[in-house]
Amino acid sequence: MAKKRPHTKAKRPQGTGGVGTAAADGQVPVVGAREPCPCGSGRRYKACHGRAAAQAVTELVQRPFEGLPGECDWVALRELVPAATVELKLREALPEGVPSVTLATVLPMAWPALRRDDGSVLIGLQNDTASGDISRDLADTLQRALAAEPGTPVQGRRAPADGPRLQDLLDPEGEFEPVVHTGFEFWVPDTENATPEVTASLERANSAAIPTVKLSGVDAAYWCETPDKNHLRWVMPHPEERLLDALARLHAAGGSSLGDGTRLVGSFRAHGLTVPVWDLPTGVGADDIEKPAAEFAERLAAALAEESPLTPDERRARGGLTNRQVTLS
């Protein structure tokens with residue numbers, strides 16, 4: 001698993017003067033990195049209060065989507081799904097002239113966000129982010145997109161360390177219902193009048209997209225088709241150690257497959273969650289796997305409730321699963 005940077009609390013500077021230059025509410029105003037820190041310590045800002053601000057921006061947040069409705073689907077759309085959109089509901093009313101906000105896996109030419117001509121906002125999820133907190137970077141992009149002029153893209157930047165996160169901007173009761181698309185035509189309402197650059201970007205994206213379908217009977221499970229074999233990748237919310245124990249119990253008992261010719265081949269970690277992966281025969285489509293996946297969910301629930309120590313066979317099965325685990329983020 002990707003190592004989390006150790007968190008070290010910044011030492012309070014032993015200043016030669018008082019703190020009379022600090023704001024009355026205790027907040028230290030931001031100044032240039034090489035200027036004297038406003039706290040009165042006599043040190044440069046970057047070596048004093050600026051150090052904590054920089055660390056807050058760069059420290060890796062292991063579960064950036066924790067607390068959002070549909071956390072598992074956020075992870076899936078960030079890492080697994082080529083083309084999908086979700087209508088987002090904000091805590092506050094949308095600004096005048098903004099009819100809707102839509103999350104998209106990617107946008108043309110990898111724009112972080114786009115304010116369309118009609119005022120609607122599209123936010124790209126799979127872009128690189130400048131800090132260790134994807135949620136804060138996306139929230140900053142969203143705020144700037146809401147204020148952008150219609151018909152303009154929003155460029156990426158590092159979000160302010162004290163800026164809001166998605167958890168602060170999105171309605172905690174809002175539904176998160178991804179719509180998976182076969183291509184990226186949702187980018188352009190009128191493809192005939194698209195610019196040559198957008199048209200070329202659309203063609204490249206469509207040619208690279210792997211056919212993907214979201215299962216309807218279980219949460220955050222995505223079937224995909226590849227030339228050699230098909231796969232099911234299922235983002236699960238359970239604590240990693242507990243989930244691996246449960247998968248090991250099922251594997252040792254011969255209950256980890258999804259039917260004839262299918263095989264649990266391992267898992268990967270992404271944004272703090274575990275994603276088991278099954279290989280499927282080429283002829284097994286998304287509809288074919290709906291019932292086996294629902295039955296597996298019942299077996300998994302029973303295995304998760306089991307509290308007895310693992311048997312030797314189960315420990316060996318767990319070791320095999322752990323050895324085949326990789327980390328995406």
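1. Strand 3 (residues 113–115) and strand 4 run antiparallel and are joined by three bridges. Strands here are DSSP runs of E with at least two residues, helices are runs of H or I with at least four, and both are numbered from the N terminus; two strands pair if DSSP finds at least two bridges between them. Within this pairing, Arg115 stands opposite Val121 of strand 4. The hairpin of the two strands has five residues between them, and Gly119 there takes a positive phi near 95 degrees.

2. The model is predicted: local features need pLDDT of at least 70 and side-chain atom pairs count only at pLDDT 80 or more, while totals for chains, interfaces and linings use all residues. Residues are numbered from 1 along each chain as its sequence is written, and side-chain values use heavy atoms, with hydrogens and water left out.

3. Strand 4 (residues 121–124) is covered on both faces, with Val121 and Ile123 buried on one side and Leu122 and Gly124 buried on the other. Buried means under 20% relative accessible area (1.4 Å probe, protein chains only). Strand 2 (residues 101–104) runs parallel to strand 4, with four bridges between them, and Leu103 stands opposite Ile123.

4. Ile123 is also, with Trp74, Val101 and Val235, among the residues with the most contacts inside the largest nonpolar core, which has 41 residues. Such a core is a set of buried Ala, Val, Leu, Ile, Met, Phe, Trp, Tyr and Cys residues joined through side-chain atoms within 4.5 Å. Helix 3 (134–147) gives this core its largest share, six residues. A second, separate core has 26 residues, including Leu232 and Trp234.

5. Beyond four places away in sequence, Val235 touches residues that include Cys72, Val75, Asp219 and Leu273; contact means heavy atoms within 4.5 Å.

6. There are two cavities of 30 Å³ or more. A cavity is a set of points on a 1 Å grid over the protein atoms alone where a 1.4 Å probe fits but cannot get out, and lining residues have an atom within 4 Å of a point. Points are joined across faces, edges and corners, and the volume is the space filled by probe spheres set on them.

7. The largest cavity has a volume of about 80 Å³, and its lining has six nonpolar, one polar and four charged residues. Ala, Val, Leu, Ile, Met, Phe, Trp, Tyr, Cys and Pro count as nonpolar, Asp, Glu, Lys and Arg as charged, and the others, Gly among them, as polar.

Notes. 1 Å grid on protein atoms, 1.4 Å probe; cavity = no way out; pocket = protein on both sides within 12 Å on 5 of 7 lines; lining within 4 Å. Buried < 20%, exposed > 50% of the residue type's maximum accessible area, 1.4 Å probe, protein only.
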